[in-house]
Amino acid sequence: MKVKGEKIVCVTAYDYSSAYAASEAGVELILVGDSLGMVIHGHDSSLPVTIGDMAYHVRCVKSGNQKSFLLADLPFMSYYSESKSLENAAILMREGAQAVKLEGGAWLAESTRLLTERGIPVCAHMGLTPQSVNHLGGYRVQGRDPAKRQTIIDEACVLQDAGASMILIECVPESLGKELTEALDVPVIGIGAGASTDGQILVWHDLLGFYPGKKAKFVKNFLVGNREGIQGALAEYVRQVKSGAFPDREHSYA
């Protein structure tokens, strides 16, 4: 799809019903995200989520998924070493995941290489990495500083060379999302990274306006004004991502 220039539509899902609806709407990739810690479990961050929590929700999503590629997060401190990465990734793969996502930069290269060699595809999550929110000083746009911008690009190349099959880039200037997408051969999925990335992802509760917490700039409620309900909102999200209408400047960072 990247080679053809066709946008990849992605959404998080956490249970049977949301997975079924997303898959039926034409979403190509479903992420079982550790964001479930906030939108499902009610925590103030994703840090309390365990590998057991993730395994349970992957199993639920697997039951409802019809045809979407299934990606799952490795939660906080579940990949602090290469051996732990392999052990916990195997748990999620056995439950139905087809790839795992890890947050970080070049320090993940060895784990990425090991997982890939063992047949486990890896998505690297860069930019704003919610599991590092305390280190980053909050949920802030990343990569505005020229040096940090170049570091993100360089480290993404390192992870691609280590075997990463995909990069997810969160909360960065639109121009950085574009540059990163052009620099890499693997798909780049954006969330708050502008319209030039190979694909877009939103949290289920955000694109339907269910989550009562603070809304990020890149969030859009597709249920508002949609007379066809949830399925219609998902269809409109798919249409707007495919056409390049979402995200627009209003939902991107300069």
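Start by selecting strand S3 (residues 69-73) and strand S4 (residues 99-103). Three bridges join these strands, which run parallel. Within the pairing, Ala 72 stands opposite Val 100 in S4. Strands here are DSSP runs of E with at least two residues, helices are runs of H or I with at least four, and both are numbered from the N terminus. Two strands pair if DSSP finds at least two bridges between them.

This is a predicted model: local features need pLDDT of at least 70, side-chain atom pairs count only at pLDDT 80 or more, and totals for chains, interfaces and linings use all residues. Residues are numbered from 1 along each chain as its sequence is written, and side-chain values use heavy atoms, with hydrogens and water left out.

Now show the eight strands. They form a closed barrel in the order S1-S2-S3-S4-S5-S6-S7-S8, with parallel pairing. From one strand to the next, the twist averages 25°.

Contact means heavy atoms within 4.5 Å. Axes are lines fitted to C-alpha atoms, for helices over the stretch in contact, and angles run from 0 to 180 degrees between N-to-C directions.

Next, select helix H4 (residues 82-95) alongside H3. How do their axes cross? The axes come within 8 Å and cross at roughly 20°. That makes H3 roughly parallel to H4, a label for angles under 35 degrees. The crossing is right-handed, meaning that the near helix is turned clockwise from the far one by less than a right angle. On the H3 side, display Ile 51, Met 54, Ala 55, Val 58, Arg 59 and Lys 62. Their partners in H4 are Asn 88, Ile 91, Leu 92 and Glu 95.

Move to helix H8 (residues 174-183). Buried here are Glu 174, Leu 176, Gly 177, Leu 180 and Thr 181. Buried means under 20% relative accessible area (1.4 Å probe, protein chains only). Look down the axis of H8: the buried residues fall within an arc of 160°, so they line one face of the helix. The arc is taken from the directions from the helix axis to the C-beta atoms. Their cover includes helix H7 (146-161), strand S6 (166-170) and strand S7 (188-191).

Last stop: Val 219, in the loop between helix H9 (204-207) and helix H10 (229-243). Is Val 219 buried or exposed? Val 219 counts as buried, because its relative accessibility is 13%. Leaving aside residues up to four places away in sequence, Val 219 touches Asp 206 and His 251.

Terms used:
Buried < 20%, exposed > 50% of the residue type's maximum accessible area, 1.4 Å probe, protein only. Parallel < 35°, antiparallel > 145°, perpendicular 65-115°, else oblique.
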